[in-house]
Amino acid sequence: MIPRHLSLSSGLVCLLTACSPGDIPRAIKHFDAPMESAPSSAHQIWRPAEVLPGSGAGGLAAVPVFSRDAGRPQLEAGRIYDLAALVDLGLRQNPVTRSVWEEARSAAAGLGIAEAAWLPVIAVGGHAGYYRYPFSEQTGAFSLGGTAVDPVVGLSWILFDRARPASIDRAGQQLLAAGFAMNRTHQQVIFDIQRSFYALLAARARVQAAEKNLEQSSSNVASIQAQLGRGLATRPEVLLAVQDQAHAGYELQSARGQVMTFQADLAESLGMTPDVKIQTVAMSDLTLPKELESEADAVIDQALQQRPDLAEKLAKLRAQEADIRRQEATWWPVISLTAKQGWKQWNYRDLSTPNSPDVSIGSPVADAFLTMDWNIFEGFAGVNRIDQARARKNAAQADLETLQLKIIRDVWRAYADIKTSARKVEFAIAMLSAAEQSWEAARATYAQGLCTVVELLTAERNLAQARATDIDSRAGLLKAAAELVYAAGSQDGSDRSRDSR
């Protein structure tokens, strides 16, 4: 049973909107009892079916259904993708780039809206209908009735408004901020692709190294078992080698699992589903970055000049300054010109006199006015709006200074990382070369019975560690180079990334 107050409310809405009760949206039915649309309790799942009409049982139809095919681009079959190709693919595929692009287009439309204030507004209107008017005189009462048509063309033009230039300047700065935000988002997408790309290549290289480690540990087991057959080794030594072989197999499976994880990270940075498999070049195909020639201060100066997010903050600051001018301009009057040109057509007759003849009158109408609107007192609202705009401007200034400090810190840290990573690569290469020679010598001397099993297994483990260190150092240097490019705010991160191949 519908409550009486709800039935009366629904009937009033129907009367005002000329609709049937079944046409009233469910949310409007609850306008006099809004809590009926809220979740019923704190411990139960909320269902939107009580608010959204046609949401279906359980409200499941109100939840959008996403397709996994949305993240499946048409990849070229058999193509080996390098970093430049992945960057191009990611910028086209990732929905983040489309989002910031639409935001920039929205800001451009906002500038067009602000500039439209310089032009007049032309509107066409009018009315037509039937009328009946009663009149009374000393001789008696009578009434007139008939039809009337009144088409009008109007013009409205703001001639003077000191807030108009500031509004246009504010919209222009907002467009600049949106454009710089789009550029920085592109750099973020490129950096994410580079970071996940290098991580994936390093993971695949670790799989290859783990396979070599397993092969070498298996060779050690075979060699020690052969020595056992000759009476030159013991059973515990064989078991120790088998344990080392099992550990190498465990590390191989762990490395393969990391490949799947970093494959999903790369797919996400490209705007794809994680099950998309992309064939890429190997880490051995990449050329490590060369030694940096620029000093840290020069890179910092470069970053402060070209970081898009810093330019975005500056544009937002200038937009707030324009907003202050716009609010201050409200103290001035607004002068406008309005004009109308139309036609009035009357058709009437005396309804109180039988067989009264119809009379038709038509004439052009026109008017033009110069109007002025000047708010002399608004209850201090204008003063508060100016104070609000100034506070927002000061906040934007603080955000700009905060970002400047962060940029200096990021560039300094990235510069130090790439310097350190370059030195670590040199020592990792030397370590790997020494470990390979040590293992070869240990294997040869063990076959002659001149070293122990512990020495052989130690050499094998040192070689496995040296391989992992070499891979990590190379991936670290590539990542540090990408971080420096990102921190410096290069305008074309894809070109810089191609230089590091």
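**Close-up views of a predicted helical model**

The protein chain has 11 helices and 4 strands, taken as DSSP runs (H or I of at least four residues for helices, E of at least two for strands) and numbered from the N terminus. This is a predicted model, in which local features need pLDDT of at least 70 and side-chain atom pairs count only at pLDDT 80 or more, while totals for chains, interfaces and linings use all residues. Residues are numbered from 1 along each chain as its sequence is written, and side-chain values use heavy atoms, with hydrogens and water left out.

**View 1. Confidence along the chain.** The mean pLDDT (the predictor's confidence in each residue, from 0 to 100) of the protein chain is 84, and 83% of the residues reach 70 or more.

**View 2. The largest nonpolar core.** This core has 37 residues, and Leu86, Ile193 and Phe197 have the most contacts inside it. A nonpolar core here is a set of buried Ala, Val, Leu, Ile, Met, Phe, Trp, Tyr and Cys residues joined through side-chain atoms within 4.5 Å. Buried means under 20% relative accessible area, exposed over 50%, and partly exposed in between (1.4 Å probe, protein chains only). At least two core residues come from each of helices H3 (83-93), H5 (163-229), H6 (235-269) and H10 (453-488). H5 gives the most, with 14 residues. Leaving aside residues up to four places away in sequence, Phe197 touches Tyr81, Leu83, Leu86, Leu266, Thr280, Val281 and Leu286. A second, separate core of 22 residues includes Ala396, Val411, Ala414 and Leu477.

**View 3. Helix H4 and its buried side.** H4 (residues 95-115) has 21 residues and reaches 31 Å from its first C-alpha to its last, close to the expected 30 Å; the expected span is 1.5 Å times one less than the number of residues. Thr97, Val100, Ala104, Ala107, Leu111 and Ala114 are buried in H4. They cover an arc of only 100 degrees around the axis, so they sit on the same side of H4; the arc is that of the directions from the helix axis to the C-beta atoms. Their cover includes H3 and H5.

**View 4. The two sides of helix H7.** In H7 (residues 296-306), Ala296, Val299, Ile300, Ala303 and Gln306 are buried. These residues line one face of the helix because they fall within an arc of 150 degrees seen down its axis. They pack against H8, H9 and H10, whereas Asp297 and Gln305 are exposed on the other side of H7.

View 5. Phe380 lies in the loop between strand E4 (359-373) and helix H9 (381-447). Its phi is near 65 degrees, a positive value in a residue other than glycine. Phe380 is exposed, with a relative accessible area of 56%. Asp387 lies in H9 and is partly exposed, at 42% relative accessible area. The C-alpha atoms of Asp387 and Gln327 are separated by 9.3 Å, although these residues are 60 apart along the chain.

Note on methods: Contact = heavy atoms within 4.5 Å.
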